[in-house]
Amino acid sequence: MKSAFLNLTLAILFSLIYSCSPSKESAEKSLMDFHVEELTIPIGPEVDPYTMTLQYVDGDLFWHNKNRSTISKIILSNRQVSEFLRYDEEGPQGVGNIVGFYVFDQNKIAFPAPGRRIAIYDLETDKVNRINLSDFSPDYSDTKSITRYTSTFHFWNNQLILPQSIYFRYPYEIAEGLKKFNPFVMLNLNNYTIEETPYRLSKSNFGEDFNIPEILFSSKAKEIYIFPCYSNRLDLINLNSNASKSFHLKTNIIPDFTNNYFLNDAKVNQSLEQNMSEYLSEPQNLGILVDPYKNLLYRMTWPGTGVPEGVSSMKFVGTPSHFILSVYDESFDLKYEFELPEYDYIPHQYFVSEKGLHLFGNHPDHPDSKEDQLVIHTFDFSN
């Protein structure tokens, strides 16, 4: 009788473990099964080892050095690093206190700045064209083009697609506010006018456990991807037809999203350190990357495991210890999913090239991390 009871107990236990695990295919593979290349790039003090904005363009990696007001260019094929541009914040060629950058049209760079401003720097003429979104509508908000928390510009049909920032702070503001809010606007570079699409967010984008209404914004050709930071719902918008579709991104290991921090009125009187600690105790999507070469979508998610004991939450929020990587195919079906090792990869630095997904393996809190080199690991999930 004891043996039969033990066998039944083990069967139930194994059944529960399997049901909570990744798919069989994913469980049989580790992240390193897809590792195809490691690239170590020496850098000097003129290159910040960590950045808010990077961009891959035709074999080159452009890298923002905020502390130096420069953009570096890294030629990945030969690991050569050079200064691509030194910009001014003030003066006749000033681009402002920028919030990222976006290289487009070969010789032009767009610089978003606070105050709903965009500066377009023409490298051939050395001239700066400044645009203020407030001139078009008082409802437009700040825009940015940064890798961190995926919010990058997109160039399509001679238009710059500009993601908009959301500023709603209280639940009662959101339902009405979303009706007027444009998740993105389009700057027509033929005549420097602003165009809109009819697409709008609604509370359904954020799920029943409504949390902070922040979104991740990515793109591919004529398609815009909108993904809330606290949801599994992905919206895909076609810029030609203005049609939109919604997809539910499945996961096997990302915890359920909550809204405990958002609804906690006590946070107004709490210290910033305490608020950050509670903020990091909830899962959230950190980024999405569209892979146009392999028709894949990569999702990076913080699992909400909180701040390690004895670590400052203010420091930890800048470079969390790890993240969950989910890989989806062109139909947005889950293909692979991994929880990455702690302190191996930087949760806010990654890019896609023809070779696959590139992660930076020099987390600042890893015991072997060095600030005079970039370590890039390449993964191919196309098989």
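Ring pairs join Phe34, Tyr298, Tyr336, Phe338, Tyr345, Phe379 and Phe381 into a cluster. Rings of Phe, Tyr and Trp (its six-membered ring) are taken to pair if their centres lie within 6.5 Å, with planes under 30 degrees apart called stacked, over 60 edge-to-face, and the rest tilted. The model is a predicted one, in which local features need pLDDT of at least 70 and side-chain atom pairs count only at pLDDT 80 or more, while totals for chains, interfaces and linings use all residues. Residues are numbered from 1 along each chain as its sequence is written, and side-chain values use heavy atoms, leaving out hydrogens and water.

By the ring criterion, the count comes to 25 aromatic pairs. Tyrosine 102 and phenylalanine 104 form a stacked pair, because their ring centres are 6.3 Å apart and their planes meet at 15°. Buried here means under 20% relative accessible area, exposed over 50%, and partly exposed in between (1.4 Å probe, protein chains only). Tyrosine 102 has 13% relative accessibility and therefore counts as buried; phenylalanine 104, at 4%, is buried as well.

Let me turn to another pair. Phenylalanine 247 and phenylalanine 332 are tilted, at 4.6 Å centre to centre and 45° between the planes. This pair links distant parts of the chain, 85 residues apart: phenylalanine 247 belongs to strand β17 (residues 244–248), and phenylalanine 332 to the loop between β20 (324–328) and β21 (334–339). Strands are DSSP runs (E, at least two residues), numbered from the N terminus. Are the two partners buried or partly exposed? Phenylalanine 247 is partly exposed at 24% relative accessibility, whereas phenylalanine 332 is buried, with a relative accessible area of 9%.

Next, charges over rings: the criterion is NZ of Lys or CZ of Arg within 6 Å of the ring centre and within 35 degrees of the ring normal. The charged end of lysine 203 lies over the ring of phenylalanine 210, 5.4 Å from its centre. Likewise, lysine 267 places its charged end over the ring of tyrosine 261, 5.5 Å from the centre.

Serine 69 is found in the loop between β3 (60–65) and β4 (70–75). Serine 69 is buried, because its relative accessibility is 18%. Setting aside residues up to four places away in sequence, serine 69 touches Leu85, Arg86, Tyr87 and Glu89, a contact being heavy atoms within 4.5 Å.

Finally, confidence. The chain averages a pLDDT (the predictor's confidence in each residue, from 0 to 100) of 90, and 92% of the residues score at least 70. Over residues 1–27 the pLDDT is below 50, and this stretch has 12 contacts in the model beyond near neighbours in sequence. Where pLDDT is low, the predicted coordinates should not be read in detail.

Key:
Helices (H or I, at least four residues) and strands (E, at least two) are DSSP runs, numbered from the N terminus.
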